[in-house]
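Below is a brief report on how the parts of a chain meet. It covers the domain contact, then charged pairs, then aromatic rings.

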Amino acid sequence: MKDREATRPPILSWGGGQYELSSNVCTVGRSARNDVVLDDPLVSRAHAEIRHTDEGWVLHDRNSTNGTYLNGRRVIRSEPLRDGDEIRIGQTILTFVDPEATLHAEAVPHVVYDRDTGDLWVDRRLVRLSPKERRLFDFLYQHVGIPQSKDAIAAAVWPEYQAEVFDYQVESLVKRLREKIERDPRNPSLILTDRGRGYRLNLP
């Protein structure tokens with residue numbers, strides 16, 4: 001993962017203080033080994049983790065006993081974070097404050113992709129992908145902004161059957177992925193078609 005620029009990092013703010021997220025990982029729990037220590041019997045020793053990915057900040061629950069809650073909803077595995085989100089751990093509510101956040105609506109859906117876990121969120125919604133859909137998204141993500149031909153996609157998604165992959169199979173896979181991640185699959189803004197060149201992932 002690339003190091004982040006050290007400009008205006010987000011902070012966690014709660015009644016007892018605040019913590020600046022100046023590194024890529026912040027651990028939260030009852031143990032003194034954590035970055036944010038919460039002295040609360042309802043908090044597990046290693047309770048939660050906030051991690052920076054290439055596309056934003058993500059909240060992970062570390063198999064805690066009493067759970068981690070984001071805006072009142074229990075975090076089953078992990079969730080993307082946005083400015084103003086409230087995280088409840090035990091009896092403490094921590095607010096995620098991102099000074100770089102924009103208040104303007106985005107024309108392109110907000111995408112958070114964690115390559116370590118394979119989790120993909122679009123507009124705060126965890127998207128369930130099939131193995132081939134995940135391979136396709138990951139391949140386009142690795143070449144974001146650069147058109148990829150159908151042959152290149154076939155080699156990445158079907159490496160064992162490259163010679164037997166037809167154009168319609170690639171087109172069908174792209175269509176299924178668009179149906180899962182685009183706001184309007186008929187007018188895609190994430191996976192764009194460059195005529196004569198292939199498909200391109202468009203991220204802000």
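Three salt bridges are counted between domain 1 and domain 2. A salt bridge here is a side-chain nitrogen of Lys or Arg within 4 Å of a carboxyl oxygen of Asp or Glu. Asp 85 and Arg 124 form a salt bridge through their side chains, at 3.0 Å from N to O. Five residue pairs are in polar contact between domain 1 and domain 2, both residues at pLDDT 80 or more. A polar contact is a pair of N or O atoms within 3.5 Å; within protein, one must be able to donate a hydrogen and the other to accept it, and residues adjacent in sequence count only if both atoms are side-chain atoms.

Which elements give two or more residues to the side of domain 1 that touches domain 2? They are β5 (48–53), β6 (56–61) and β9 (78–80). Of these, β9 gives the most, with three residues. Strands (E, at least two residues) and helices (H or I, at least four) are DSSP runs, numbered from the N terminus. By class, this side of domain 1 has four nonpolar, four polar and seven charged residues. Asp, Glu, Lys and Arg count as charged; Ala, Val, Leu, Ile, Met, Phe, Trp, Tyr, Cys and Pro as nonpolar; the others, Gly among them, as polar.

The model is predicted: local features need pLDDT of at least 70, side-chain atom pairs count only at pLDDT 80 or more, and totals for chains, interfaces and linings use all residues. Residues are numbered from 1 along each chain as its sequence is written, and side-chain values use heavy atoms, with hydrogens and water left out.

The domain assignment, automatic or from a database, gives domain 1 as 11–103 and domain 2 as 111–201. Their C-alpha centres are 31 Å apart. Contact (heavy atoms within 4.5 Å) joins 15 residues of domain 1 to eleven of domain 2. The two domains bury about 1100 Å², 46% of it on carbon and sulfur atoms. Buried area is the accessible area (1.4 Å probe) lost on putting two parts together, summed over both.

The salt-bridge count comes to 13 by this rule. Two examples follow.

| Salt bridge | N to O distance |
|---|---|
| Asp 85 – Arg 124 | 3.0 Å |
| Asp 119 – Arg 77 | 3.3 Å |

Asp 119 lies in strand β13 (residues 119–122) and Arg 77 in the loop between β8 (73–74) and β9, so the pair ties together parts 42 residues apart in sequence.

The whole structure holds five aromatic pairs. Rings of Phe, Tyr and Trp (its six-membered ring) pair if their centres lie within 6.5 Å; planes under 30 degrees apart count as stacked, over 60 as edge-to-face and the rest as tilted. Tyr 113 and Tyr 141 have ring centres 4.9 Å apart and planes at 75°, so the pair is edge-to-face. Tyr 113 is in strand β12 (residues 111–114) and Tyr 141 in helix α1 (residues 131–142), 28 residues apart.
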